[in-house]
Amino acid sequence: MGNRVKGRPKKKSIKAATHSGLSAQRKLSRFGKNRKKDHAGLDATFIGRAKVLKRLQISLKDFRRLCILKGVYPREPRGRAPRNKKGQVFYHIKDVKALAHEPLLEKFREFRAFMKKVRRSANRNEKDEARRKEPLAPKYTLYHLVRERYPRFTDALGDLDDALCLVCLFATLPSDGRIKAGITRKAQHLASAWGAYCATTSSITKSFISVKGVYFEAEIQNTPIRWVVPHNFTQYVPEGVDFRVMLTFFEFYETLLGFVLFKLYAGIGLRYPLPVAASKAANGSVDTNVTSATLHPTLGGKATSVLSANLSALQVALQQASKGNSAAEAVKDALQDNEDVQAEVEKTASKASKKRQQQLAKSVDDALRGISQDDDEDENIDVGSDESVGDDEEGEQVPIGAPLREALEAISDNNMSESSTNVDQDTLLADHIRQNPDAQKRNRLFHNLTFFLSREVPRGYLELIILSYGGKVVWEGQDSPISISDPSITHHIVDRPKLLPSYTSLPQNREFVQPQW
């Protein structure tokens, strides 16, 4: 029996604790298995950034770009941090799985491999080879991300505030360092195309001036959109700003605004982009739709601002589209001649209703005349004869007021048909006008008023506000529609402590206005 002493209890197995009376199998059946690491709980739901980079096999720079374009942001776990790791950045496991299947991830890897080849050629002093490889760089688009993040058009309109603020900011920044001249030009054209649409459709509802800039609010398809336009001063660019992140946001917002503007311009019967950015067609011939007034001076035109160039191009496109496109005509009627259209509709409807009423009145008169003749015949009949009684009984069965009943039914049918035709006309007008009553009221606020802007007055947002409310804008410049001495000018906006002596020779029917900043 070995060294075992008789009468002493047998020692327990090393696998089971000495203080518990349970065996290992009993403990497994009662308490279950121990959870494996990173398989449940907060540790499995939230992953740190370093672990995400290791899983996706990309650099921190590409990971930031991918998160911005995809719309993935860090999440803070509720309650305690996983494993008491405070101060770390965590991402949800579902977001990480979505990033792992993103097609852009493969494009970033291809670009990294491409840059290795370019650097190798540059280090070997093969500059011609490096320049030859430059056009072969892998390219990508963000169209699928816009459709994925905004499945409905209203979703894109609701998220347009930040996009417009950033685009307007880049439109005023100087071209220096990471901000290239092409990026500034793109931002200016996007902001001007948006302003041209808002001015043409009278969509701007509110505006006020602050230290940061000019705040605007527009209502498009019952969705309020707010953005701020910086003042047109020389911008000081601070050193602590990470323009790499801002340019990534601009890259996505540029695609988003292109989608939104294309949809909005298609709603008024126009094609976006407008012929402002190029003076030649695709085949190299000169485009007749583009004149010098619709081009910026950087493109060889005479327009003194990008907004005026876009507005001129929009008006030209509306005039040309109205020749063969009923949608553009309807929009122009809604913005300019809505009252005349309603008057004509009411006039034609009143003429038709008058004719119907005259015809029905004649039928009612004939019915009443027949009833009076029947009453006279009844009085002349002898009541005592049996034949008369029989005739009376037969007369009660004959509907004497049948013509009157038919006429009254025709009147009721006519009223019903008139109401239905009015409903049809209302729906047709709603389809053609594409404007709400508030926009029509705003468009009539500055109707028949012409504002002249002096050269010291900031022209951009004043031009946008005046045009949105139905006024006309002229200015000092070679591309101005009329001159300063034109008698049709009703308001002259001047920002000077004293009026110039030359203003005394101007027509006296205008009012001089000084902005109160």
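Student: How many aromatic pairs does a search of the whole structure find?

Tutor: In this predicted model, the search finds 16 aromatic pairs.

Student: Why is the pair of Y503 and F512 called stacked?

Tutor: Ring centres must lie within 6.5 Å to pair, and planes under 30 degrees apart count as stacked. The centres of the Y503 and F512 rings are 5.7 Å apart and their planes lie at 20°, so the pair is stacked.

Student: What makes Y503 count as buried or exposed?

Tutor: Buried means under 20% relative accessible area. Y503 has 7% relative accessibility, so this residue counts as buried.

Student: Which residues do ring pairs link into a cluster?

Tutor: The cluster consists of Y150, F249, F252 and Y253.

Student: What sits over the ring of W475?

Tutor: The charged end of R459 does, at 3.7 Å from the ring centre. The distance cut-off for Arg is CZ within 6 Å of the ring centre.

Student: What share of the protein is buried?

Tutor: Of the 517 residues, 34% are buried. The accessible surface comes to about 33,400 Å², and carbon and sulfur atoms account for 52% of that surface.

Student: How many helices and strands are there, and what share of contacts between residues at least 6 apart in sequence join residues at least 24 apart?

Tutor: The protein has 19 helices and 9 strands. Among those contacts, 61% join residues at least 24 apart in sequence.

Notes. Residues numbered from 1 in each chain as written. Predicted model: local features only at pLDDT ≥ 70, side-chain atom pairs only at ≥ 80, totals over all residues. Heavy atoms only, no water. Helix = DSSP H or I, 4+ residues; strand = E, 2+ residues; numbered from the N terminus. Buried < 20%, exposed > 50% of the residue type's maximum accessible area, 1.4 Å probe, protein only. Contact = heavy atoms within 4.5 Å. Areas by Shrake-Rupley, 256 points an atom, 1.4 Å probe, with all protein chains shown as cover. Phe/Tyr/Trp six-rings, centres within 6.5 Å; stacked < 30°, edge-to-face > 60°. Lys NZ or Arg CZ within 6 Å of the ring centre and 35° of its normal.
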